[in-house]
Structure formats: C-alpha cells, structure tokens
Amino acid sequence: MMQLILLTDVLVRATPLLLTGLAVAIAFKAGVLNIGADGQFLVGATVAAAIGILPGTHSAIVMLPLVLLGGMIGGGVWAMIAAFLRMRFQVLEVISTIMLNFIAMYVISYLVRGPLQEPTHIYPQTPTIATAAQLPRIIPGTRLHAGFMIALVLAIGLWWAFRTTAAGFRLRATGANPDAARTTGLVDVARVTMRALVLSGAIAGLAGAVEVSGVTYALYENISPGYGYTAIAVALLAALQPLGVIATGILFGALEAGASALQRDANVPATLAAVIEASIVLLVIAVGQLSRGWRRQTS
Amino acid sequence: MTSAMLTPFLEGTVRTATPLLFAALGETLVERSGVINIGLEGSIIAGALGGLITAQSAGVWPGFAGAIVAGCVIAMIFATFAVLLRGDQIITGTAVTLLALGATGTIYRLWYGDAGAALTTPTMKAFLIPGLARLPIIGTALFGQPAVTYIAYVLIPALWWWTYHTHAGLALRATGENPEAAEAAGFSPRRIQCLAVLFGGALGGLCGGTLVLAQAGTFAEGMSAGRGFIAIAIVVLGRWNPLGAAIAAVIFGAASALQFLFQAMGWHIPYQVFLALPYVLTLLALATAHSKRQAPYALGRRELHFS
Amino acid sequence: MALDRASLRVQKGTIHAVLGENGAGKTTLMRVAFGLIRPDAGSIVIDGRPQRLSSPAAAIAAGIGMVHQHFMLVPAMTVAENVALGGTGRYDANAVADRIREVGQQFRFAIDPRAIVATLSVADQQRVEILKALVKGARLLILDEPTAVLPPQDARALLMTLRAFVDNGGTVVLITHKLRDAIEFADDITVLRHGRTMRSAPAVELDETTLAATMIGTAPVVHTDFSTTSSTIGVEKFVLRDVSVTDDRGVVKLRNVNLTVHAGEIVGVAAVEGNGQHELLRVLANRAQPASGDVTRPDRVGFVPEDRHRDALILDFPIVENVALARAGETRGRMNWAEYRTTAERIVQEYDVRAEGVVTRARTLSGGNQQKLVMGREIETASGGLVVENPTRGLDIHATRAVHERLRQTKDQGTAVVVYSSDLDEVLALADRTVVLYGNALHTVTNDRESVGNAMVGRFA
C-alpha cells in the first residue's frame, strides 16, 4: 500500500506538469514562445474555483464539465491577450506572457483577500468548492484523481491530431518553417500561430482547473509553484512530442516528489529541483546545438 | 498638490528608476549587439544574493562588487549557450533565469536556514550632494539619493558617448545590424556579443545589488520580481538608446511611485494595483512603441554567417 | 573539396579576371585571399613575401581590399560610419567625411558621407564598398561579381574607376562568371573549374569559345535556345489588367501593368535588381495581392521561389511531407498520407530526384535534387500556370540543364510559364518573348540581347 501511495503521489504531482507541458509543447511546436503557462494556469484555476463555489446545489454531471470548461476558457482568454498584442502591435509574446503571469498573480492576491475570500475572512483563500465540482478519485485510498486520466487522453488526442489532421500538419509546418508554410503551402501563418497560442492557454487553464478540482478544492495564492516554467523543461525534454510529454511529465513529477522528500528528511531545499530542471533545459540545448554542428561537418 | 506631496513621489520615482536603469542600460548595449538576454532577470537576482553575502563579510561597497561579479557569472552561462553554442536566445535566457532563481533560493536557504529569519545587511545611506540637495522639490529627489544612484547619472552620458562616438561603439552597432559586415571589417561578432552580454550581466548584478544594499536591506527569494523583463521593455521604449532608456526608466519609476501620491491624496486603491502597474505599463509601452522598424536589424539572429 | 591545388598569379598594375561558373571555386579562392577562410594547404605570396592571412584584418593590413558580391554594408548607418568601421579609439565623423571626399575626388566619384546607406542606389552602394577598401589603403582590390547587379551603363562606369585605380599603381582581381566581362575588362584571365586552375593567359590570346570550353570542359556554355518559332500557343492563362504592385514597405514598384501569358509559351522577365520583379512574380503566382487592378490566373499556380531553403522546402521534414506542403493551407480534415506518398514517389521517379526514398528528409538531398523536387511538386500541383524565379541559382551545369529541359517540356505540355532570372542570357534562351521592368513600368521589347539590355537601363528604341 505504501508503494501505491508513493506511486500515485508521483502521478498526482505529474498531472499539472503533464497538462502544462502539453500546453507549452503545442505552442513551441507552432513557433510561439508561450512562457505564460503559469498565468494561464492561475486564471483557469480562478475561474474554476469561482464556478465551484457558486451557491446552490447541482449534480456532478453539470458541475464538473462546467468547472473544467471554465478553466479552459479562462486560460484561453488570458492567452488571447498576448495573442492580440502580438497580432496587432508586434509585441513579443515572450515578454507579454511573462508580464501577464505577474498580473494574474496580483489579481488572485486581490480576489482571495476580497470578493472570493472564505467567509471567516481569516485566510487568503476561497471557501472549499462544492463536492459536485470535485474530480473523483480513481484509486480509493490514494490522492490519484480523474485529472490524470484527462491528461493522458489529451496527450493521445494531440498526438493523433498532429499525425492525421490537416490542422495539425499546418501547425507543425508553421513552427518548422513559417516562410515555406506561407509561400509554398499558402498557410495563414498568423492565424495558425495565434490559434496555437490560445489553445495552449486553454490547456494551461485546464491544468489549473484540474488542480483546483482534483487536489486543492480551493483557490489560494501560491497554488502554482511555477508549473508553467517547469513545463518548459518538460516540453523541451520531450522534444515537443505529446506522447513524450507523458514520460517527461512523470519524470519531473518524480523529481519534485523526491525534492520534497529531501527537504523534509535531509533539509536540502526543494528549490534544488528548479536548478536541476533548468540545467536539463540547458543540456538539451547544448546537445542539440553540438549535434547540429557535427551533422553539418559530416554531411 | 503641495511640495510635501510631490517630494516623496519624486524621491520614489528616482529610487524605483535607479535599479531599472542599470539593468536597462546594460541590456541596451546587449541588444545593440544583436542579442536578447531574457536571462537578465537571473543576473539581477544573482546580484541581489551576491551583494548580500559579500556585504555581510566585507561591507557595503565590496558588496556591490560582489553583486557585479555574481551578475557576470550568470551572464557567462547565458553567453556560453546562446552566443557560443548558438542556442535559441529566448529559451536559453528563460532557462538561465530559472536556474538563477532556483540556485539563489537554494543557496539562501542553505546558507541562512529556512523560513522567515529576516536577514538584514548594512545599507548605503543617502548621500546629499552639498548645495544641489537643497533645491526646492527636486533637490532631495535627485541629489539626496544613495551614492550608487550617482553612478547612474554618470553612466548615462558615458554610455551614450561610447556608443556613438567611439569606434568600439560603432563595431557594436554594426554587429547588431549586420554581423557579416562587422566580420568583413575585421571583428569577431561572437566576441563582441560575449563582451556585451557580460557587461549587461555586470549591470544586471548592479541592479540586484542596489535593491538589497541601497533599498531593502535584506534578501527575499524572487525579489527581482520581473525587473529583468521590465528592463527589456524599457530598452524597447527607449529605442535602444541610452538616453531614451533613461527617460523610459523614469516613466516606469514614476508609475510605481504613484502609490505615494495616491496615499497622500487620500485615495484608497487595493495595493495589488500598484504592484501590478509596472507589468501593465510594460504591456502598454510595448504595444505603443511600434518599434520593430528601429530595432537592431540582426537582433535575435542565431546564425551570423552565410552558411 | 572546394579548392584543389588552385593557383593564381596576378601581375602588379593589371586587371586580372578569375573566370568560372557557379561552384568552380572562385569565391572560395578569393575568401582565402581575404583571410575569411584558412587554406588546408598551399601558400600566399604578396610582393615576394609569404603571408599568413588569418583574418580580414590581416588581409587589410597586407593591402588587400575586397568588394563582396553581397555588400558588407550596414544599411542603417551612414556612409562615413560604414567606411570607418574597423578603426580604433575615438570616432571623429568629420575627419572620416573629409577623407572620403578626398579619395572620392581622386577616383572621380562623389558620395555624400552623411547619407544613410539604405537610401543609396545599388551602384552607389558598390562605390561605398570600394571606398572602404581604398580608404584603408588597399593596393590590391578584389571584386566578386561586381557587374552582377549593375546595368551595362554602370558597369562601364565601374571599369573607368578600376582603370583609374590601376593607373595609380593599384592591382585589380575581378571574379566573374561572365565571359564577355572578362574579355572586355581584363588584361589577364585565369579559368577555374571544379576547384582547379585550368588555364591562365593574357586576354588577347583568348576568345569566347576557348574560354567557354575551358570553363565547362564539354560543349560550349551557350544556352540552348528553346524558344518556339511556330505559334503553338493556346488560351490566355494569365491576364493582368492595369495592375499596380507594391513591396512590403508599401513603396510602389510597378504601375499600370498589362500582361497576358498564354498556354504553351514561356514569357521571360528581365530587370535589374529592385525593379519589382520579385513582387510581380508573386502577384502572378497568387502569393501576394496587387495594390490595384485585375488579375486573372489559373486556380493553382505553381511557384518556384529563388530561395528554396527558406521558401520552398522544410528541410527537416521528409520528402513526402514537403510534397504535402503544397496547398496545405487549403486542405481540410484528415491528411491522406497514402495518397501523398504515391504522389511523392511519382514525382521522385519522373523528375529524376536522387533520394533514398520519400521518407528521407529534404535536407539530405543535393541542391540540384532539391530543386528538381520543388519543380516537380509545383508542376504536378499546378493547374496550367507556373512561375519560376532564378531557377538555377547555385546549381551546377548538369542540374541547370535538367531544369531548363523540364521548363521546356512543361511549356510543350501546355502550361503557361513565366520565368525571371538575374542572368540575362538565361532569360533570353528560355523565353519565347521577353518583357522588361524598368522605371515602375512593364515594357515589351524585341527578344534580342541588345534591345533587352538597353531597355533594362531605360534606353528604348
């Protein structure tokens, strides 16, 4: 039973990383650098929590889809701001998405101390969401919730979409060479990239909704310990492949679980995980660049 | 609006603008060489911690030196992966920032133990310039600041002159516009970019050092709070020109300092609005800058040769 | 191997032409001379003294100046700043401006030192490049394909400048692939082929036929004339009525263009760089919209752009995905990979694309095979119209022949073809009739070298 709890703990930690990892992978694959998955996660979590604490009782069949959909819309809208700024004003999405991360953080800070705060007004968080809005546990006795299955299904769905659909092909082509996509394929590159960014935001928002609905059951300030940034490492290590993200997401989940344990037992700060994750990204870059140079020498 | 209301507002403006200005001046030169250093945030937080640790044992002025060195170290990592290895500048910069944030957090906790012991360090006192500091309204704001601020006053015209009136500045600008031309003229674009990035890292470290040693007097994880990204917006707004960066930094400082003005006027607005204001302002600034035309032509380019 | 024991002997005080076709090694040889490339073997001797040219700085110090084919200028900076680039210490704009005026006077051309390079004409920009070398004290000037971007008039002006330089004791090395320029301009000629020195002699001892044979090693390089004499042309495929074309900055490049292209004919477009040819081609190919006017074109127009790596292929994608890329913007629903695979295999077969299967990445193909693939894809997916831009850029003689053959075949099968090449001779050889772009307008001219060449610089009969 102990092993089961450990394993499911890893999977629970992996779920937000899986979803945000997919979000980042889609965007990067289309050539859009969405560094704002964290902010989109937060907004998705906020909308989900807001729906979850609505008065009146409803059944799970109504509440769950609403909560998750709300999260997707929240994240999608937040990303749309960056998409609009890029489309209309050529603002680099790298900077705008990061700015929106900070803004989202402060919006939540205000909401959980104000309009959405729990009734006793002591803690900076929302009240607990309705039971009907909570994702069911998959394995009783553990914390593993249906959100993990949602992540798996989404990953497989995206893999399928990239392989078989024309929209998926257009996205890949645009990310690989937008000039060729435009000139040869007559692809509307601007529209493809903007849609990719919004979709990416929606998935990150879903991640936030899933976290609220499956783990925390409430919204509070530091609900994301930087998932959106870790997601970049998750996506890059998986070479932006959806199925690969399943593997790297679980790997990083294990890493963070381990770091947590180390902090508890050996007083090693958990921030070490961030150092390792960033180093992995740099390693991937180095390996990629060095092998490119080698390939060019030998071709 | 009385001078009693204005003075704290102006003091706050210069206070907030100074660290931003250091970071932006450095990044201006970096981007003029054709590189976007998103890892600047990493240099800032490293400078903050480096400044704290050095000042604890050696005093305030050596603390600033330590901050500069720490900023350079982070910049060196960025230069290695983004300039020498030609990795994607945006992804490399993001990784470097995360690395620095994680590393500073880890080192801080290991060194000083966990949770909450608000560690303090001696800070630089305000140094009033005789005579000038007594000017009405602007006196203390401009000339009653910690000495490190006056370094900024000197840096602005110095960097402007260096960029436009020396051959080295010419070479830097050529590298950012057309690296092949710089190479044909006998320069190594990569070398120039590395040096520029290191310089930017040094000033980023100085920014972090200023936050700790001339303002907060303590360190907190993540205290750079996105200033690296705001600095990049300032560079864009300032049209990649040291003088423009100075003006833009003052505008950002003023926006942050607005909370003093509002408080003095008795307007109550949730404090989160003021915290979020620099970031909103960055978005607005970038949107209105319409700057793509004036950016250094080869900005962000990875391949510097005809292949 | 780019260079195989290539040798070059240049007499002081002469103009020496280094002649060779694309890929013969002439640019590589000159990059070695300018310190941009370090040779694996061999020596460089200047004025009797052996030199190690490890960088452009070393070459400049040895008195060598290079004028590149693609100008090494910074468009956003002034002439003075561009000329001064490479100095040390304080930059004194006035001192540099004086020096520029001084040198300009010596060689009889005048350029405003404070002008921003981006605003100058191509010929003037070339003068700035020459100025850079002269101000740095070059005694040996290397010019890489200097007449490639110049109309005949400016080419002659350039020759005057070079003669003045030589009369003043300088030496000139001219890299070119144009036979006629070598014979007209040079005192001595060296021919390179496949990285080797084939022949070196004074220009008076050589004639066009001999040179041509030495350059390619087989039959003369004269382009086979494919033009149709009998009128087998068919219906109108492209009709442009009163069309205006602007570039991406909104500057008007062409006004009141009227052009008709019929099935079964090749219309050639001749123009000096910057006269709107690239924009016009894209409007014809439906890759850009005209600023005004009516365009009638076939539903699907094939387009072979000049930069195939950037615009025509995704190098990291396999061949089959590159084939599927055509019209990817219009495809709905699922991708029929089985069908794309069949089409790709057919194209590879019919167009003689040497590849190890359709799942290999486009990057692994040679330049010539990549171009054949692009042509095949565009012809197969087009519905009666084909637009082609500098189709043989960077290709060797065999690939060039294959491309020309294919264009002729396509024309014979009833496609309406529009060809642009910056090589005037290629246009003339391929086209049934030629139009010239000059002065914001499209002109119809007689299909001979003299008329077309003159029209390109504004001299109409």
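Modeller: What follows is a set of questions about a predicted model, each answered by setting a value against its criterion.

Biologist: How do you know that β9 and β12 of chain C pair?

Modeller: Strand β9 (residues 236-246) of chain C and β12(C) share 4 bridges in the antiparallel sense, and since the criterion asks for at least two bridges, the two strands therefore count as paired. One such bridge joins Val239(C) to Thr296(C), which lies in β12(C).

Biologist: What makes β10 and β12 of chain C the edge strands?

Modeller: The open sheet has 3 strands in the order β10-β9-β12 (chain C), with antiparallel pairing; β10 (252-262) and β12 (292-296) of chain C each pair on one side only, and that is what marks them as edges. Neighbouring strands of this sheet are turned by 10 degrees against each other on average, with direction ignored.

Biologist: Which helix lies across these strands, and at what angle to β9(C)?

Modeller: Helix α9 (residues 277-284) of chain C lies across β9, β10 and β12 of chain C, and runs at about 135 degrees to β9(C).

Biologist: How do you know that chain C touches chain B?

Modeller: With within 7 Å between C-beta atoms as the cut-off, 19 residues of chain C are in contact with 16 residues of chain B. On the chain C side, α2 (56-61) and α3 (79-84) are the elements that give two or more residues, and α2(C) gives the most, with 3 residues.

Biologist: What is the make-up of that side of chain C?

Modeller: The residues of chain C that touch chain B divide into 11 nonpolar, 6 polar and 2 charged.

Terms used
Residues numbered from 1 in each chain as written. Chains lettered and ligands numbered in written order. Predicted model: local features only at pLDDT ≥ 70, side-chain atom pairs only at ≥ 80, totals over all residues. Axes fitted to C-alpha atoms, helices over the stretch in contact; angles between N-to-C directions. Contact = placed C-beta atoms within 7 Å. Nonpolar A, V, L, I, M, F, W, Y, C, P; charged D, E, K, R; others polar.
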